[in-house]
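Subject: Structure handover and what was found in it

Hello,

Here is the structure you will be working with. Please open it beside this email and follow along.

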Amino acid sequence: MKAVLVLEDGSSYQGSFIGTEKDVEGEVVFNTAMTGYQEALTDPSYRGQILVMTYPFIGNTGVNREDAESAAFQPRGLVVREIAKVPSNFRSEISLVEWMLNKGFPCIEGVDTRALTSRIRRAGSMRGVISATGSSIAELAERAKSLPFLHEQDLIGEVSTPIPYTFAPGDGPTVVVIDFGVKRSILQALADKGFRVRVLPHNTGIAELRREAP
């Protein structure tokens with residue numbers, strides 16, 4: 001299905017839905033890494049955003065259970081030039097396309113992501129809408145301009161754990177992590193040092209923190 005990404009300044013980028021076909025909206029940002037797309041898509045710091053991958057070919061190493069930084073997709077949508085339909089890597093368990101379809105995650109493919117990156121780099125991150133509804137570019141641009149800014153949203157409340165949990169039981173000293181969107185790799189790095197790692201919600205009070213005896 002044909003789709004379009006429209007930024008709040010009225011610029012538009014044509015493509016096609018791959019993955020789940022649904023409208024999404026959010027702040028449009030870019031990532032220039034050649035690798036690490038799975039980590040980026042599960043990184044809580046991208047919550048509420050539409051992620052543009054500047055590198056033109058994404059998904060060639062597939063997806064596996066070990067590289068995720070959290071249990072869910074964190075951006076609201078993905079923008080790519082081209083996605084590998086058949087991954088080739090000994091660690092791959094599923095293709096990126098299958099993963100997105102299984103999780104109901106939308107992606108638009110066929111976009112000139114380098115031109116888009118250049119525009120965002122000059123103008124700064126802008127709000128945008130990915131749509132296939134047939135709305136006009138002007139209507140979608142107005143819709144983008146009406147979106148709340150990131151600082152107006154409770155994104156930390158969305159990504160933080162709702163309850164305390166132990167990531168690593170460990171015999172070493174207790175390290176307490178207040179979860180403002182912590183990545184799994186950070187917790188694993190602490191666990192690898194032998195610490196007992198406790199993760200607490202972002203709104204944990206000082207009394208509860210002291211009870212953990214970190």
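Below are notes on the barrel, the helices, the aromatic rings and the open sheet.

This is a predicted model, in which local features need pLDDT of at least 70 and side-chain atom pairs count only at pLDDT 80 or more, while totals for chains, interfaces and linings use all residues. Residues are numbered from 1 along each chain as its sequence is written, and side-chain values use heavy atoms, with hydrogens and water left out.

Helices (H or I, at least four residues) and strands (E, at least two) are DSSP runs, numbered from the N terminus. Seven strands close into a barrel, in the order β1-β2-β8-β6-β4-β3-β9, with mixed pairing. From one strand to the next, the twist averages 35 degrees. Two strands pair if DSSP finds at least two bridges between them.

Strand β4 covers residues 49-53. How many of the residues of β4 are buried? Five of the five are, so β4 is largely enclosed by the rest of the structure. Buried means under 20% relative accessible area, exposed means over 50%, and partly exposed lies in between (1.4 Å probe, protein chains only). In a regular strand, side chains alternate between the two faces of the sheet. In β4, Q49, L51 and M53 point one way, and I50 and V52 point the other way.

β4 pairs with β3 in the parallel sense over five bridges, and I50 in β4 stands opposite V28. β4 also pairs with β6 in the parallel sense, over three bridges. There, V52 has V79 in β6 as its bridge partner. By contrast, β2 and β8 pair in the antiparallel sense over four bridges, with F17 opposite I108 in β8.

V4 lies in strand β1, residues 2-7. Is V4 buried or exposed? V4 is buried, because its relative accessible area is 8%. Contact means heavy atoms within 4.5 Å.

**Helices against the barrel**

Helix α3 spans residues 113-123, and its buried residues are T113, L116, T117, S118 and I120. These buried residues pack against β1, β2, β3, β4 and β6. Just after α3, G124 takes a positive phi of about 95 degrees. Helix α2 lies across β2, β6 and β8, and runs at about 80 degrees to β2.

**Aromatic rings**

Rings of Phe, Tyr and Trp (its six-membered ring) pair if their centres lie within 6.5 Å; planes under 30 degrees apart count as stacked, over 60 as edge-to-face and the rest as tilted. A search of the whole structure finds two aromatic pairs. One is F73 with W99, a tilted pair at 4.3 Å centre to centre with 40 degrees between the planes. This pair links distant parts of the chain, with F73 in the loop between β5 and β6 and W99 in helix α2, 26 residues apart. W99 counts as buried because its relative accessibility is 12%.

Why is the pair of F73 and F105 called stacked? The ring centres of F73 and F105 are 4.2 Å apart and their planes are at 10 degrees, so the pair is stacked. F105 lies in the loop between α2 and β8, so its pair with F73 ties together parts that are 32 residues apart in sequence. Both F73 and F105 are buried. F73, W99 and F105 form one aromatic cluster.

Elsewhere, R127 lies over the face of F149, at 4.0 Å from the ring centre. A charge sits over a ring if NZ of Lys or CZ of Arg is within 6 Å of the ring centre and within 35 degrees of the ring normal.

**The open sheet**

Three strands form an open sheet in the order β10-β12-β11, with mixed pairing. β10 and β11 stand at the edges with a single partner strand each, so one side of each is left without a neighbour in the sheet. The twist averages 30 degrees from one strand to the next. β11 and β12 run parallel and are joined by five bridges, with V175 opposite V197 in β12. Helix α6, residues 184-192, lies across β10, β11 and β12 and runs at about 65 degrees to β10.

Regards

How values were computed. Axes fitted to C-alpha atoms, helices over the stretch in contact; angles between N-to-C directions.
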